[in-house]
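Let's take a friendly walk through this model together. Have the sequence and the 3D view open as you read.

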Amino acid sequence: TSIGWASGWQPIANGGSYVYGDYIGVDAQIAGARGPDGRATGTVSFSTAGMTSGALAVNSHGEAEWSPPHGFPAGSYTITAAYSGDASFNGSTAAPFSFTVAKQTPLGGTDEGCTPNRVEYGTTTCLDNGIHVLLGQGVPPTGTVTYSLGSTVLGSAPLYCCDPPPP
């Protein structure tokens, strides 16, 4: 038997390029698994760039799917899949499958929820970053946000996702 490639919700192509945060699921389909000889059982193990799936059970359709818990970070990947075999089907290893995940460009701005949103000289206000990232899957962004007025840097603060930082 041999292993073929398919995708989860995001159609992926060998050599394709995708954006960080897109859901990318990789399926191994055991060829011949729906033939007259019965359905394949056993496990499939995926591996790429230091990440491994562990042994995943082949489902009743002769497939196993994997996506790392936090998605694929930005980078290039060559995935291999190995089928363990069972009483009716020989084990096999699929030809490598490659794709690239590009960094996502967040949308930015300031949040008008800060009050007052008009500031008099010598008074203080808040600056609430409006960094928006479209994450279907992945780890929220980290880093620093720098606030500027023209070429004058007003300040910077760590980027927090989802919940405000503790006081």
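## A parallel pair of strands

Start with β2 and β9 (residues 97–102), two strands that run parallel and are joined by four bridges. Strands here are DSSP E runs of at least two residues and helices are H or I runs of at least four, numbered from the N terminus; two strands pair if DSSP finds at least two bridges between them. Within this pairing, serine 17 has threonine 100 of β9 as its bridge partner.

Strand β2 covers residues 16–19, with Gly16 and Tyr18 on its covered face and Ser17 and Val19 on the uncovered one. In a regular strand, side chains alternate between the two faces of the sheet.

## How to read the model

This is a predicted model, in which local features need pLDDT of at least 70 and side-chain atom pairs count only at pLDDT 80 or more, while totals for chains, interfaces and linings use all residues. Residues are numbered from 1 along each chain as its sequence is written, and side-chain values use heavy atoms, leaving out hydrogens and water.

## The chain as a whole

The chain has eleven strands and zero helices. Of its 167 residues, 29% count as buried (buried means under 20% relative accessible area, exposed over 50%, partly exposed in between, with a 1.4 Å probe and protein chains only).

The chain exposes about 10300 Å², and carbon and sulfur atoms supply 54% of that area; accessible areas come from the Shrake-Rupley method with a 1.4 Å probe, and for residues only the protein chains shown count as cover. Among contacts with a separation of 6 or more, 53% come from residues 24 or more positions apart (contact means heavy atoms within 4.5 Å).

## The largest nonpolar core

Which residues touch the most other members of the largest nonpolar core? They are Val44, Phe46, Phe72, Tyr83, Phe99 and Val101, out of 22 residues in that core. A nonpolar core is a set of buried Ala, Val, Leu, Ile, Met, Phe, Trp, Tyr and Cys residues joined through side-chain atoms within 4.5 Å. At least two residues each come from β3 (26–30), β4, β6 (63–66), β7 (75–83) and β9, and β7 gives the most, with four.

Leaving aside residues up to four places away in sequence, its contacts are Tyr18, Val19, Tyr20, Ile24, Phe72, Pro73, Ala74, Gly75 and Tyr77.

## Aromatic pairs

The structure holds seven aromatic pairs. Rings of Phe, Tyr and Trp (its six-membered ring) pair if their centres lie within 6.5 Å; planes under 30 degrees apart count as stacked, over 60 as edge-to-face and the rest as tilted. Phenylalanine 46 and tryptophan 66 are stacked, because their ring centres are 5.9 Å apart and their planes lie at 15°. This pair ties together parts 20 residues apart in sequence, because phenylalanine 46 lies in β4 and tryptophan 66 in β6. Phenylalanine 46 is buried at 1% relative accessibility, and tryptophan 66 is buried at 7%.

Phenylalanine 97 and phenylalanine 99 form a tilted pair, with ring centres 6.4 Å apart and planes at 55°. Tyr18, Phe46, Trp66, Phe72, Tyr77, Phe97 and Phe99 form one aromatic cluster.

Finally, look at the loop between β4 (43–48) and β5 (51–57), where alanine 49 sits. Alanine 49 has a positive phi of about 40°, although it is not a glycine. Most residues other than glycine have a negative phi. At 59% relative accessibility, alanine 49 counts as exposed.
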